[in-house]
Amino acid sequence: MSIKASYLTSTKKLITVMATNEKASFCDVCQTRDLNKSAEEYCHQCEQTLCLECRDHHKASKLSKSHQTISIEKYRKLPSFIKEIKHNCEEHDCVLEFFCKYHDSLCCKLCCKLCCKLCLLSSHKECKETIFIEDFRTPSSGHQPAALDNIEKVVQDLESNICSALKDRNRNLNELRDKKTVIREQIKEKREEINTLLDNLEGELLEKASAMETEYCRKIEVVIEKLEDEKKKVDEIKKRY
């Protein structure tokens with residue numbers, strides 16, 4: 001990536017973060033009346049930030065009293081992909097209330113089709129497997145839906161796999177440490193063996209050197225004695241003449 005492209009990307013990210021923080025700083029409802037009040041909570045269903053006064057009205061309203069809100073602090077800490085999840089149909093501006101199994105089977109999980117009532121009457125009117133999201137989320141039978149059971153099982157399996165992986169990695173660490181200790185001891189033993197061999201070799205070589213020294217010294221001393229005898233003979237001859 002070029003420096004210019006990298007700079008533009010970083011700038012876009014910064015602008016997005018600043019815009020998100022600015023949106024979360026003031027109450028959206030009050031801003032429609034040109035008022036700037038600090039936002040205290042956020043409603044996912046309404047996709048609006050609320051001040052304390054608007055929050056109280058929001059909880060008292062028949063249409064929104066069942067909505068779950070979160071504090072602005074928690075909202076700001078949410079990952080960006082969570083904040084980008086929409087609750088309203090972009091085409092008809094209605095609350096998303098249905099899930100179409102037919103179109104989901106034709107799309108990947110990232111492209112699954114959520115539809116509002118108007119979509120159901122138009123592009124999804126021929127679909128036979130369309131589920132009301134609220135029924136799917138809170139079934140009347142009081143039993144947990146199979147999808148949530150599957151999610152729980154996936155989470156449990158994931159937790160089990162992570163625990164097994166952690167256990168295996170910790171065992172690998174212990175095995176490596178144990179092997180290092182064994183190798184250190186083996187090296188120490190080999191070093192001692194090598195030192196012993198070198199000491200023995202040194203002793204043998206010193207003995208041989210001493211024996212050779214003794215033998216050659218004796219031979220040299222014999223030669224010296226003979227040369228001294230010959231010298232005496234020469235001295236006697238010189239005296240006669």
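## Core, salt bridges and a surface patch

The largest nonpolar core consists of six residues: C27, C30, C43, L50, C51 and C54. Such a core is a set of buried Ala, Val, Leu, Ile, Met, Phe, Trp, Tyr and Cys residues joined through side-chain atoms within 4.5 Å. The model is predicted: local features need pLDDT of at least 70 and side-chain atom pairs pLDDT 80 or more, while totals for chains, interfaces and linings use all residues. Numbering starts from 1 along each chain as its sequence is written, and side-chain values use heavy atoms, without hydrogens and water.

Beyond its neighbours within four places in sequence, C51 contacts C27, C30, K37, S38, A39 and E40 (contact: heavy atoms within 4.5 Å).

There are eight salt bridges in the structure (a side-chain nitrogen of Lys or Arg within 4 Å of a carboxyl oxygen of Asp or Glu). The table gives three of these.

| Pair | N to O distance |
|---|---|
| R55 and E41 | 3.2 Å |
| D56 and R55 | 3.3 Å |
| K219 and E215 | 3.3 Å |

K219 and E215 sit four residues apart in helix α9, about one turn of the helix. Shared partners join the salt bridges of E41, R55 and D56 into one network. E41 is buried, at 13% relative accessible area, and D56 is partly exposed at 44% (buried is under 20%, exposed over 50%, partly exposed in between; 1.4 Å probe, protein chains only).

On the surface, I194, L198, L201 and L205 form a nonpolar patch with about 380 Å² of accessible area together. Patch residues have over 30% relative accessible area and no salt bridge, with like charges joined within 9 Å and nonpolar side chains (Val, Leu, Ile, Met, Phe, Trp, Tyr) within 5 Å. Areas come from the Shrake-Rupley method with a 1.4 Å probe, and for residues only the protein chains shown count as cover.

Methods
Helix = DSSP H or I, 4+ residues; strand = E, 2+ residues; numbered from the N terminus.
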